[in-house]
Amino acid sequence: MLITILMICYTVLALGIGWGAYSHRNRPFLVFHPEENAALSNILKVGGILLLLVGILSAVATALNNTILIIIALLAGIIVILALQILMVRWLPKA
């Protein structure tokens with residue numbers, strides 16, 4: 001029961017972060033300005049779509065209560081978020 005509740009939280013977070021990244025591909029957010037840089041905009045678009053797909057996969061895994069599918073969804077989310085963060089660090093403002 002606990003894993004189901006945690007997976008629901010993870011699904012909501014993955015879908016929320018994915019939608020946030022995708023919706024901010026053409027407008028500024030935090031310290032980033034993707035409207036000024038096409039490469040950053042593309043990274044946000046692809047990363048947002050991938051996180052939305054991870055959210056859908058985790059929702060399916062939660063509904064099926066399949067342990068292997070849950071592990072795959074969690075690992076996919078970790079890889080996508082890590083890659084997104086590593087790619088976005090290039091556009092952090094220099095102090």
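**Exercise 1.** Does Leu 30 count as buried or exposed?

*Solution.* Start with the scale: buried is under 20% relative accessible area, exposed is over 50%, and partly exposed is in between, using a 1.4 Å probe and protein chains only. Leu 30 has 78% relative accessibility, so Leu 30 counts as exposed. Finally, look at the backbone: phi of Leu 30 is near 50°, a positive value in a residue other than glycine.

A word on the model: it is predicted, so local features need pLDDT of at least 70 and side-chain atom pairs count only at pLDDT 80 or more, while totals for chains, interfaces and linings use all residues. Residues are numbered from 1 along each chain as its sequence is written, and side-chain values use heavy atoms, with hydrogens and water left out.

**Exercise 2.** Find which residues touch the most other members of the largest nonpolar core.

*Solution.* A nonpolar core is a set of buried Ala, Val, Leu, Ile, Met, Phe, Trp, Tyr and Cys residues joined through side-chain atoms within 4.5 Å. Here the largest one has 18 residues, and Phe 32 and Met 88 touch the most other members. Helix 2 (38-64) is among the helices that each supply at least two residues, and helix 2 gives the most, with 6 residues.

Now zoom in on Met 88. Leaving out residues up to four places away in sequence, Met 88 touches Phe 29, Phe 32, Leu 40, Ile 43 and Leu 44; contact means heavy atoms within 4.5 Å.

Methods: Helix = DSSP H or I, 4+ residues; strand = E, 2+ residues; numbered from the N terminus.
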